[in-house]
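User: Please take me through the terms used for this model, one at a time. I would like to see the value and the cut-off behind each one.

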Amino acid sequence: MNLTTKSTQLEYVEIRRACIALLTRSGYKTRAQRIWDNAMAYISQQNNDVTSVVLNAMEMCTPVVEYRRVRVAGTVVQVPKLMTPRQAQSRGMRWLIEGARRRDNRIYAHALAQELMDAARGAGWATSQRDEMHRIAESNRAYVRYQWWK
């Protein structure tokens, strides 16, 4: 699979832009760009292709369904709902960044790089969040008929 096509490069640029926007705190965008660039440098030092790692990580941690809590007849049920691709991608990015923040690494760029590499392999906090969400949605699929409720 050749990941150096123009469409994958454009997709990588969009993911980079959105992640930098999520990494920005108190208006310090250059600090967020430096964190992203250092994380990508760390990934390339590990002899990995940066574009393929980022795209595979996003694919592995992007959910397909979510669940909403709906009150029906006095009980609260979790109703599965399909997500739009934009919602799913932003949720996956937020999980990747949250997983990097949860790591005990002092250097945030290295923590972000480790989380991206783990997610590309199918491990890591973001991937476990996606699996947990899919498991809950699968176990509550009987309540799909209540999607219109909320």
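User: Why is arginine 103 called partly exposed?

Analyst: The relative accessible area of arginine 103 is 27%. Buried means under 20%, exposed means over 50%, and partly exposed lies in between (1.4 Å probe, protein chains only). The value of 27% therefore makes arginine 103 partly exposed. A note on the source: this is a predicted model with residues numbered from 1 along each chain as its sequence is written, and side-chain values use heavy atoms, without hydrogens and water. Local features need pLDDT of at least 70 and side-chain atom pairs count only at pLDDT 80 or more, while totals for chains, interfaces and linings use all residues.

User: Where does arginine 103 lie, and which residues is it in contact with, leaving aside neighbours within four places in sequence?

Analyst: Arginine 103 is in the loop between helix H4 (85-102) and helix H5 (108-121). Helices (H or I, at least four residues) and strands (E, at least two) are DSSP runs, numbered from the N terminus. With neighbours within four places left aside, arginine 103 is in contact (heavy atoms within 4.5 Å) with Ala111, Gln114, Glu115 and Asp118.

User: What makes the meeting of the side chains of arginine 103 and aspartate 118 a polar contact?

Analyst: The two side chains come to 2.4 Å. A polar contact is a pair of N or O atoms within 3.5 Å; within protein, one must be able to donate a hydrogen and the other to accept it, and residues adjacent in sequence count only if both atoms are side-chain atoms. The distance of 2.4 Å is within that limit, so the term applies. Another side chain, that of threonine 24, reaches the backbone oxygen of isoleucine 20 at 2.7 Å. Threonine 24 is placed in the loop between helix H1 (6-23) and H2.

User: How do you know how H2 and H3 are oriented to each other?

Analyst: The axes of helix H2 (residues 29-45) and helix H3 (residues 50-61) cross at roughly 110° and come within 9 Å. Axes are lines fitted to C-alpha atoms, for helices over the stretch in contact, and angles run from 0 to 180 degrees between N-to-C directions. Angles under 35 degrees count as roughly parallel, over 145 as roughly antiparallel, 65 to 115 as roughly perpendicular, and the rest as oblique. H2 and H3 are therefore roughly perpendicular. In this contact, Trp36, Met40, Ile43 and Ser44 of H2 meet Val50, Val53 and Val54 of H3.

User: How many aromatic pairs are there, and why is the pair of tyrosine 12 and tryptophan 36 called tilted?

Analyst: Two aromatic pairs turn up in a search of the whole structure. Tyrosine 12 and tryptophan 36 have ring centres 6.5 Å apart and planes at 40°. Rings of Phe, Tyr and Trp (its six-membered ring) pair if their centres lie within 6.5 Å; planes under 30 degrees apart count as stacked, over 60 as edge-to-face and the rest as tilted. An angle of 40° falls in the rest, so the pair is tilted. Tyrosine 12 is in helix H1 and tryptophan 36 in helix H2, 24 residues apart.

User: What makes tryptophan 36 buried?

Analyst: Its relative accessibility is 1%, so tryptophan 36 counts as buried. Tyrosine 12, at 12%, also counts as buried.

User: Why is the pair of tyrosine 143 and tyrosine 146 called stacked?

Analyst: The ring centres are 6.3 Å apart and the planes are at 25°, so the pair is stacked. Tyrosine 143 counts as partly exposed at 28%, whereas tyrosine 146 is buried at 17%.
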